[in-house]
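Here's a quick briefing to read with the model open beside you.

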Amino acid sequence: MTENEFKPIVKKIFEQLGLKTKGIPYESLRKTPDFLVEDSSSTYTVELKIKEDDPEEIQCDKEILSKGELLGKESPTGPRNRLYGIIKDGADQIEKYDLDGKTLRVIWLHSTGVNPKLLNMRFHATIFGTQDLFGLGAKGLITFTCYYFNESVFFTCRNSLDAAILSQEDRNEIAVQLCINTLSPKADQFRKSDLYRVLSKGLCDPIILESRNDMIADCNCDRKDKNETIKYLKAKY
């Protein structure tokens, strides 16, 4: 599915949620976002990006299988540099269009293809820079999810991107999740919006998850220096 094919679906989803939606006219001299969306109190600038399976990887797999050979594949779900570039490009388009920051800025990331669930997980890890951490508690080993531990789009674009909507094809339906950039200065404003309310089911807001024992590395540490980030987390928690 292409972006042009998916745009009417995005518009329909917004309208079913009770939000007014209109497409942003194409401009030949610059890339523009895709939608302006309005609810009772807020306006959103929305850019759509779609990712499907790597065609070169698919072709390579087919060649191996056509020879009757066994194919082994790893499926890492952590942050991906290629996805980072796609999302950062979309965030830049939104910022250049909404220079005065009058709207809430949202990027819609849709996963399609053979394994949309895997792509969706990679998108999630790339926007949040998540990392699983381990510690010892009273009952033994404890696992924590830490947001912004690794390089992430939300950290890099904390002043220009307020949220992301992740969607994937699931049994011929579109599953949608709203993800809040808690590092954005407009995070509290976003939480008061209609969009936050209508997409509260399945919402990913690290502030809420922090109250359930996940962690937030809301520091200015160099993400390449893991020891510095861990030092910050120890002091914070």
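Helix α1 lies across β1, β2 (35-38), β3, β4, β7 and β8, and runs at about 140° to β3. Angles here run from 0 to 180 degrees between N-to-C directions, with axes being lines fitted to C-alpha atoms, for helices over the stretch in contact. Helices (H or I, at least four residues) and strands (E, at least two) are DSSP runs, numbered from the N terminus.

A word on the source: this is a predicted model, where local features need pLDDT of at least 70, side-chain atom pairs count only at pLDDT 80 or more, and totals for chains, interfaces and linings use all residues. Residues are numbered from 1 along each chain as its sequence is written, and side-chain values use heavy atoms, leaving out hydrogens and water.

**The sheet**

- Six strands make up an open sheet, in the order β1-β2-β3-β4-β7-β8, with mixed pairing; two strands count as paired if DSSP finds at least two bridges between them.
- At the edges stand β1 (20-23) and β8 (173-180), each with a single partner strand, so one side of each has no neighbour in the sheet.
- On average, neighbouring strands of this sheet are turned by 25° against each other, direction ignored.
- β4 pairs with β7 (residues 163-170) in the parallel sense, over six bridges.
- Look for V106, which stands opposite A163 in β7.
- α4 also packs on the sheet: this helix touches β3, β4, β7 and β8, and its direction makes about 170° with that of β7. Contact means heavy atoms within 4.5 Å.

**Helix α3**

- α3 (residues 81-97) has 17 residues and reaches 25 Å from its first C-alpha to its last, close to the 24 Å expected at 1.5 Å a residue. That expected span is 1.5 Å times one less than the number of residues.
- Its buried residues are L83, I87, G90, A91, Q93 and I94. They sit on the same side of α3, because they cover an arc of only 155° around the axis; the arc is that of the directions from the helix axis to the C-beta atoms.
- N81, R82 and K96 are exposed on the other side of α3. Buried means under 20% relative accessible area, exposed over 50%, and partly exposed in between (1.4 Å probe, protein chains only).
- What do the buried residues of α3 pack against? They pack against β3 (43-51), β4 (104-111), α4 (116-128) and α5 (153-156).

**Salt bridges**

- There are 12 salt bridges in the whole structure, each one a side-chain nitrogen of Lys or Arg within 4 Å of a carboxyl oxygen of Asp or Glu.
- K11 bridges to E15, with the closest N and O atoms 2.5 Å apart. Both lie in helix α1 (residues 3-16), four residues apart, about one turn of the helix. K11 is partly exposed at 30%, and E15 is partly exposed at 40%.
- R197 meets D194 at 3.9 Å, N to O, and both lie in helix α7 (residues 194-198), three residues apart. R197 is exposed at 53%, whereas D194 is buried at 17%.
- K236 and D218 form another salt bridge, their closest N and O atoms being 2.9 Å apart. This pair links distant parts of the chain, with K236 in helix α9 (residues 226-236) and D218 in the loop between β9 (215-216) and α9, 18 residues apart. K236 is partly exposed at 33%, and D218 is partly exposed at 38%.
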